[in-house]
Amino acid sequence: MKILIVCGEYYNKSNGLSISTQRFVKEFARMGEEVRVLSSENGGVSDYSVPVMRIPLIDGIMDKQNYHFAKPDAQVVEEALSWADIVHIEDPFPLSVQVAKAAHKKGLPITGTFHLYPENMTASVPIFNFNLSNRNIMNVFRWGVFQYCYAIQCPTEKVRDRLASCGYRSKLYVISNGIPAECIAEAPGTDKNDLFTIISVGR
C-alpha cells in the first residue's frame, strides 16, 4: 500500500506532532508499506517538498512556537496524490486543506490524526483565547480537513470525546502516540511484578 503522509513540518525535532509523525512513518515502513511524506522543506527535504509559508503578522509567534506552516503548491500536491493509494493527514493547516480537498475529488481514501486543540495556539494570543473563538477554530479544522477523513486517530479518549461533542462525524479511533512498551527498561534484579512506570507528557 502506498501511504502519503501530509505534515506541515515533518523534520522538526522538538515538536510532538512532528515526532509522532516520524514515529508512525518509521513503523509503517517497518511493516513493509510504501510511505512517502509531503511536507515543508524546513529542516530537511521530504519526498514531496513545498516552501515554508510566511505570514507577516504571526511569523514571530510561529518562530517562538518552533513550528511553521507549509505553503500549498497545487503541482506538488498533484504529483504526490498521483502516487498515493491512501492519504493520511497530520495537521489542519493550509497545505493539508489543499491536500484533503484534492484527494477527496480524486476519490482517494483519507485518514487523519487530531494532534492540536485550538487552545494550543490561542493561548499565545490571549485576545483570541475564549470559548466561542476556540469553538469556531474547531469548526474550521473540521470544515477544512477532517470532514474529508473517513477515520481520525485520537491520541486519548478525551480527544475523541471532544471531537464527537464538536460535531466530527468521522470514525474516531483512540490510538496513543505514547512510548512503546519495549522502550521501558527494567531495573536489574527487580521483580517484574513490583515495577510500574511513570510517564509525564505535557506542555
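Modeller: What follows covers a pocket, a cavity and a pair of helices. Keep in mind that this is a predicted model.

Start with the pocket. Rolling a probe the size of a water molecule over the atoms shows where empty space is left. The second largest pocket holds about 290 Å³ of space. Its lining is made of 17 residues. Which of them lie nearest the centre of the pocket? They are Phe28, His88, Thr111, Gln153 and Ile175.

Now see which elements build that lining. Helix H1, residues 16-30, supplies at least two residues. So does each of three strands: E4 (86-89), E5 (110-113) and E6 (151-154). By residue class, the lining of this pocket has 10 nonpolar members, five polar ones and two charged ones.

Next comes the cavity. The count gives one cavity of 30 Å³ or more. About 40 Å³ of space lies in the largest cavity. Its lining consists of Met53, Ile55, Ile58, Asp59, Met62, His68 and Phe69. Five of these lining residues are nonpolar, one is polar and one is charged.

Last, the helices. Two packed helices are described by the angle between their axes and the distance between the axes. Take helix H3, residues 74-83, and helix H4, residues 94-106. Their axes come within 10 Å. They cross at roughly 50°. The crossing of H3 and H4 is right-handed.

Which residues make the contact? From H3 come Ala74, Val77, Glu78, Leu81 and Ser82. H4 brings Leu95, Gln98, Val99, Ala102, Ala103 and Lys106. In this contact of H3 with H4, seven residues are nonpolar, two are polar and two are charged.

Notes
Residues are numbered from 1 along each chain as its sequence is written. This is a predicted model: local features need pLDDT of at least 70, side-chain atom pairs count only at pLDDT 80 or more; totals for chains, interfaces and linings use all residues. Side-chain values use heavy atoms; hydrogens and water are left out. On a 1 Å grid over the protein atoms alone, a cavity is a set of points where a 1.4 Å probe fits but cannot get out, and a pocket is an open set with protein on both sides within 12 Å along at least five of seven lines; lining residues have an atom within 4 Å of a point. Grid points are joined across faces, edges and corners, and a volume is the space filled by probe spheres set on the points. Helices (H or I, at least four residues) and strands (E, at least two) are DSSP runs, numbered from the N terminus. Ala, Val, Leu, Ile, Met, Phe, Trp, Tyr, Cys and Pro count as nonpolar, Asp, Glu, Lys and Arg as charged, and the others, Gly among them, as polar. Axes are lines fitted to C-alpha atoms, for helices over the stretch in contact, and angles run from 0 to 180 degrees between N-to-C directions. A crossing is left-handed if the near helix is turned anticlockwise from the far one by less than a right angle, and right-handed if clockwise. Contact means heavy atoms within 4.5 Å.
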